[in-house]
Amino acid sequence: MIAEALFFSAILFTIGVVGVLTRRNALIIFMCVELMLNAVNLSFVALSKMHGAALGQVFVVFVMTVAAAEAAVGLAIVIAVYRHFGTVELQNINLLRG
Amino acid sequence: MRDVLAALRLDAWVLPALMVWPLLGALLIFMFGRTARPGAAPGFAPWRDVRVLTMIVLIGEALMSVGLWAIFDPGVTGWQARIDLPWIPEWGAGLTLGVDGISLVMVLLTTLLMPLAVLASWDNVRSKVRSYYGLLLILMSGTLGVFLALDLLLFYVCWELVLIPMYFMIGISGGRERARASHKYFLAAFIGSLLMLVSIIALWVAGGSQSFNLDALLIATRGAIGQTAQTWLFLGFFTAFAVKSAFFPFHTWLPDAQHEAPTSGAVALGIKVGTYGILRFALPFFPAAALDPTLRLTIIGLAVAGIIYGALVAMVQPDFKKLVSYASVSHLGFVVLGIFALTVQSIQGAMMVMIGHGVSIGALFLLVGMLQDRSGTGMIQRFGGIARVAPLFAASLTVVALSTIGLPGTNGFVGEFLVLIGAYGAYPIPAVLATTGVILAAVYLLWALQRVIFNPRTADEAGDVRDLDRRELVAMVGFVVAILWLGIAPGPVLRRIEGPAQRIVEQVTRGAETAAAAPPTAALP
Amino acid sequence: MMLALLQAAAEASPAAHPLAGTVAEYVWMLPLLPLLGFVINGLLSIVPAYHAGPEDVSHDPEAGHTDMAHEEAYEAEATTFHRRWNALSSVVGPLVVGIAFVLAAAIFLAMRAAGPSLETAGAFVRTYGSWMPAGELRINWGLQLDQLSMLMTLIITGVGTLIHLFSIGYMRTDPGYSRYFAYLNLFVCFMLVLVLGGSYPVLFVGWEGVGLCSYLLIGFWFSDESNANAGKKAFIVNRVGDFGFLVAMFLLWANLGTLDYAGVDAAATRLVANGALVTAICLFLFLGCAGKSAQLPLYIWLPDAMAGPTPVSALIHAATMVTAGVYLIARSGALFALAPFASLLVALTGALTALFAATIGLKQWDIKKVLAYSTVSQLGYMFVAAGVGAYSAAVFHLATHAFFKALLFLGAGSVIYALHEAYHHTHREEDAQDMRNMGGLRRHMPVTWALMWAATLAIAGVPVFSGFFSKDQILGAVYGAARHSAIGELRLLGIPGSAILYGIYVLGLVTALITAIYMTRMMLYTFHGANRTGEGERPHLHEAPWIMTGPLAVLGVLTVFGGWLNLPAVLHALGPEALLDRWLAPVVARASATLAGGEVAHLSHATEYALIGAAVAVSVLGIGFAVVRYRGPLLAKREAEAAETGLGAAVRQAYYVDRGIGRYLVEPTIALSRKVLWRGLDVGLIDGVIVNGSAALMRGVAWAGARIQTGNVGNYAWIVAVGALVVIGAVAFR
């Protein structure tokens with residue numbers, strides 16, 4: 001049981017990573033990040049179940065709270081970026097280039 | 001007089017007051033100070049003028065330090081008017097202040113020099129006047145802290161308090177190249193500071209991590225640090241002090257900084273805190289390193305090279321301010337030579353050169369600053385024949401230049417003579433080589449003097465140079481009196497330095513013996 | 001306060017000294033009086049300038065008329081404003097020096113009254129407070145009065161007073177009148193400190209102080225660049241000498257532990273006679289003397305120093321300051337007596353300088369330059385005497401030289417003044433110092449003519465005039481030393497000392513011959529023959545006012561009768577013999593005797609007569625030769641110079657020494673400093689490579705680092721991912 005859950009979590013996480021690395025649209029990258037977070041949540045829950053300890057599930061609640069906050073701030077930034085640059089394609093945005 | 005001071009219990013509060021009063025003054029200036037716009041009618045009470053406020057604070061400071069001089073007992077060798085307040089007891093750091101003859105003289109030099117400098121460069125600062133003078137007062141507090149601190153951590157804090165305001169003073173109110181000059185100054189000095197911080201911490205650890213107190217650490221570290229470790233720690237201190245005092249070859253930031261800084265800032269640059277640090281910390285803590293023949297000879301060689309090199313380079317400077325900066329490098333060589341010759345005479349002489357450096361080079365800077373304010377240029381070749389249009393200015397410049405040359409009867413001679421006669425006993429050949437600096441000083445200054453105030457009058461800039469106004473005259477009379485007084489009757493000053501100088505010589509020679517007895521394995525803590 | 005100090009000093013010392021409680025207690029007033037004059041005149045010069053605005057005109061009687069309109073404007077203004085102040089300066093300036101002279105005379109009488117007890121009592125020393133207390137080194141403000149310093153004080157204040165009076169006339173119309181007297185007073189003050197100081201450092205105060213005044217007075221008309229240059233040169237060359245003096249003091253302190261004369265005299269016995277140490281001390285001291293007294297190779301500043309006003313040349317660059325070196329050697333007799341080798345070098349340098357400068361004097365056209373080289377030459381004589389240990393002869397020549405050379409300079413000043421006034425009337429720009437513009441002035445200035453002839457005869461060594469006696473005593477002393485002395489027994493480069501001394505004697509005779517020639521030449525060109533000043537100017541040539549001729553007359557009397565100060569034994573018929581020798585004996589006799597190798601050799605009367613005969617013959621020969629050689633009409637300026645080739649041109653240009661120093665010493669030093677030290681080492685290496693180089697290195701590293709910052713989020717994500725993989729891999733496959 002635990003193996004399946006962790007395997008599924010790993011698949012989800014990898015999809016998220018690949019998405020972040022390959023996609024250019026800020027919104028999709030953002031969604032991929034959420035995907036990675038939830039992959040971690042899944043493994044937290046599974047491991048919590050396996051060990052019979054509640055701490056993992058507490059962490060999940062934390063992560064979800066942070067993810068919600070992050071979504072709010074992140075989406076706000078994306079909107080601001082869109083307003084400023086007229087696009088959310090990230091390869092066009094490199095203000096921090098050294 | 002003495003009774004009044006005794007009734008005031010001056011010794012119980014004067015040292016912290018000397019440090020806190022300028023900080024309060026700075027606060028006052030940031031809160032209430034106003035700047036007079038040239039031409040416009042000042043719409044505020046005259047006392048609110050930033051410069052007037054600064055002068056009030058500085059005069060208060062000067063009065064307190066004169067009081068300190070009055071209550072100081074030259075017969076006592078230890079610390080006087082000592083104050084010990086808790087600060088960070090866990091580390092053994094305290095707000096410990098005290099004076100001996102050396103720090104007393106340095107404090108008086110600072111507190112008496114600054115009002116004259118501000119007075120003589122009244123209209124020099126044109127932009128951001130309020131922040132400039134506020135920072136100047138903070139700088140003053142830091143400088144006094146360096147001279148008064150008997151706690152190494154406090155010393156370090158004050159040391160940085162000298163560095164940082166000056167960075168902003170140059171960077172905000174300086175000349176055209178101010179940004180570059182202030183960065184150069186800050187980086188050079190700060191690298192030195194960090195090396196010193198490392199050495200201070202290492203000393204603290206070597207002393208058993210108990211105390212930052214100077215005397216306690218001296219006792220605790222005696223014989224605890226081996227020769228090699230001493231050399232490295234000594235170099236940490238020495239680098240900081242050498243950079244700060246623009247000792248050859250760490251001097252190249254100085255001409256830039258002094259050229260760009262406002263006049264009073266260039267005077268207050270704090271060259272003297274460096275050489276003071278050598279005397280107070282580098283020598284007593286690391287006697288074995290200080291007496292290491294190779295190291296000592298290297299430093300003395302650099303000092304002599306600096307004397308001659310500074311003079312030769314000063315000779316060919318086209319810009320008067322830079323000429324004075326290199327003259328300062330040359331004079332600093334005498335200070336270091338005197339300190340490392342380690343005789344009572346040479347250390348007393350080094351102190352006199354430091355004082356003379358403040359007075360004579362300071363006054364030179366102020367006069368050159370006046371010249372530059374009036375004509376808009378500092379290039380020597382643009383002047384000539386100023387003695388005809390501005391006789392008082394010319395007379396002041398001549399007297400100050402002569403004291404810088406070291407004419408007997410002025411402060412310059414007393415310092416150089418004592419340094420050289422003291423150094424001769426220990427290092428005859430370097431002393432003789434250094435004596436040629438006496439010839440070269442005459443060459444570069446008299447040549448500059450001739451091209452600026454003598455010679456036929458030039459048409460352009462020299463025509464605009466008006467004579468000293470009343471304010472400048474008062475300041476210059478102050479300088480001339482100081483130059484002659486220190487040249488003719490330096491006894492009171494010398495006698496106060498004599499005890500501490502003797503103690504330093506003893507500390508080093510005795511300390512070196514105990515260090516030799518220390519096990520060679522006692523490496524870096 | 002001074003009085004309190006004085007009383008303290010008086011109480012501190014036992015009243016055993018015969019001068020204690022006499023007028024000699026007021027010795028401190030001697031330097032303070034001129035100092036007071038300096039303060040008053042200094043204020044007089046600077047306060048009106050401050051209130052009346054810039055002093056805007058240059059009035060330079062020795063530099064033609066470049067600024068004629070200004071000058072007229074000045075004279076109009078001067079009547080209203082400056083004159084009032086000038087009158088005060090005219091009183092204060094000479095008065096303070098005059099009072100000092102009176103005081104000095106009173107002290108001298110007190111010393112005479114003290115009689116023989118003074119000879120054994122040693123110097124009268126008074127301390128007025130501490131100067132530099134530093135460890136065991138205790139330098140005090142102490143004055144020392146003995147026979148030598150008394151004599152010097154009398155010369156300085158006496159001749160000084162006369163020259164101050166002369167200056168009233170000479171500088172009458174100068175806008176810097178008060179400033180001039182301020183400097184001159186200050187000079188007298190420092191000169192008195194020099195001779196009265198009780199220790200080497202105090203002497204050094206006066207030593208450098210007179211150098212300062214010399215600098216200020218040479219560059220008095222500083223608007224002319226060459227004047228300012230000359231002042232600077234004088235100071236710097238003197239500094240080279242002062243370097244030697246300083247090193248000598250370091251040696252004394254390091255080895256004897258004392259710097260005052262009494263201490264050094266007492267401790268000198270500890271030194272090894274003829275040892276390296278005492279020789280080094282003496283040679284370094286002599287370097288100082290060579291700078292101050294213009295000996296080879298440091299004489300170069302003195303001819304240029306003639307840029308100053310002529311009375312200054314008379315006082316500073318002839319009578320007093322330049323003789324300070326001779327004074328110093330006489331003062332340090334205890335040391336030089338132990339260093340016969342150093343003494344020999346002193347004598348040799350003196351002899352060579354005397355001859356060298358005299359030859360240059362043969363070819364000069366500037367009347368002041370002739371006198372300047374003559375001064376260098378005469379100073380050489382004094383060093384010859386000091387070198388062979390004849391200190392009293394050196395001081396004797398110093399005194400007579402002060403008389404006749406001051407007279408010559410003031411006489412030249414009065415000639416220059418007359419020419420200047422004449423050219424001023426006709427508004428012509430001509431050199432008032434060039435002898436080619438003179439000639440035949442005897443008819444216009446008979447007093448000056450007569451007095452200058454007296455001085456010329458004195459310097460040439462014609463009997464009865466003062467210079468004859470002093471020069472003769474020097475030559476006699478050299479001859480005596482060559483016959484028998486400690487110096488004569490030395491060897492220098494394998495040559496026996498006595499042979500060198502005979503050589504020096506011959507050099508002295510040759511120099512005397514040349515001296516007679518060039519001085520006569522100068523007199524002939526100036527006062528005799530046809531007048532070359534100019535038709536328009538001739539009616540305006542006239543004798544200087546009495547305030548100038550008066551001092552000349554007094555100096556004339558001294559020039560003629562100065563020899564009676566120290567008559568040689570063979571001429572005892574003329575009056576009391578060897579007054580000066582006996583007066584100075586308590587100070588210098590022991591050192592003289594040591595150098596002479598026991599006892600100063602007494603020449604037989606026959607030898608003395610022979611020596612005198614030789615000297616007289618030489619001087620008469622020289623005068624005669626000059627009269628024959630220079631009697632003809634003078635060539636025109638340009639032709640005369642074109643005719644010069646080879647040695648003649650070299651002599652005219654003072655052997656190209658100045659040019660050589662400029663080309664081979666000064667210019668390379670400046671080039672080295674500018675190109676190598678400043679541009680190369682300072683700006684290039686230290687600041688450029690090390691300081692800015694490290695900054696550039698940091699900037700380069702930062703630049704490379706910044707390349708990674710593409711600003712593209714995708715790249716960052718890849719870096720994170722790869723980094724994470726690397727970490728995982730590292731952990732997994734460890």
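Where is B:Ser209 placed in chain B? B:Ser209 sits in the loop between α7 (178-206) and α8 (214-221) of chain B. Here helices (H or I, at least four residues) and strands (E, at least two) are DSSP runs, numbered from the N terminus. The structure is a predicted model, in which local features need pLDDT of at least 70 and side-chain atom pairs count only at pLDDT 80 or more, while totals for chains, interfaces and linings use all residues. Residues are numbered from 1 along each chain as its sequence is written, and chains are lettered from A and ligands numbered from 1 in the order in which they are written.

The backbone of B:Ser209 deserves a look: its phi is near 50°, a positive value in a residue other than glycine. B:Ser209 counts as partly exposed, because 13 C-beta neighbours lie inside 10 Å. On this scale a residue is buried if 20 or more other C-beta atoms lie within 10 Å of its own, exposed if 12 or fewer, and partly exposed in between, with C-beta atoms placed from the backbone. B:Asn455, in the loop between α20 and α21 (461-464) of chain B, also has a positive phi, of about 70°, although it is not a glycine. B:Asn455 is buried, since 24 other C-beta atoms lie within 10 Å.

Cis peptide bonds come next. In chain B, one joins B:Phe248 and B:Pro249, with omega about 0°; B:Pro249 belongs to the loop between α9 (227-244) and α10 (253-260). In chain C, a cis peptide bond links C:Leu296 to C:Pro297, again with omega about 0°, and C:Pro297 lies in the loop between α11 (276-292) and α12 (301-304).

Two helix pairs in chain B show how its helices pack. Helix α14 (residues 293-315) and helix α20 (residues 428-453) of chain B have axes 8 Å apart, at an angle of about 15°. This angle makes α14(B) roughly parallel to α20(B). Axes are lines fitted to C-alpha atoms, for helices over the stretch in contact, and angles run from 0 to 180 degrees between N-to-C directions; those under 35 degrees count as roughly parallel, over 145 as roughly antiparallel, 65 to 115 as roughly perpendicular and the rest as oblique. The crossing of α14(B) and α20(B) is left-handed, a term for a near helix turned anticlockwise from the far one by less than a right angle, with right-handed used if clockwise. Residues making the contact include B:Ile300, B:Val304 and B:Ile308 of α14(B) and B:Leu433, B:Leu440 and B:Trp447 of α20(B). By class, the contact of α14(B) with α20(B) has 16 nonpolar, three polar and no charged residues. Ala, Val, Leu, Ile, Met, Phe, Trp, Tyr, Cys and Pro count as nonpolar, Asp, Glu, Lys and Arg as charged, and the others, Gly among them, as polar.

In the other pair, the axes of α12 (residues 271-285) and α15 (residues 320-341) of chain B come within 11 Å and cross at roughly 10°. α12(B) is therefore roughly parallel to α15(B), and the crossing is right-handed.

At the level of whole chains, chain C has 28 helices and four strands. Buried residues make up 55% of its 734 residues. Of the two pairs of chains in contact, chains B and C share the most contacts, a contact being two residues whose C-beta atoms, placed from the backbone, lie within 7 Å. Chain A and chain B do not touch, and their nearest C-alpha atoms are 22 Å apart.
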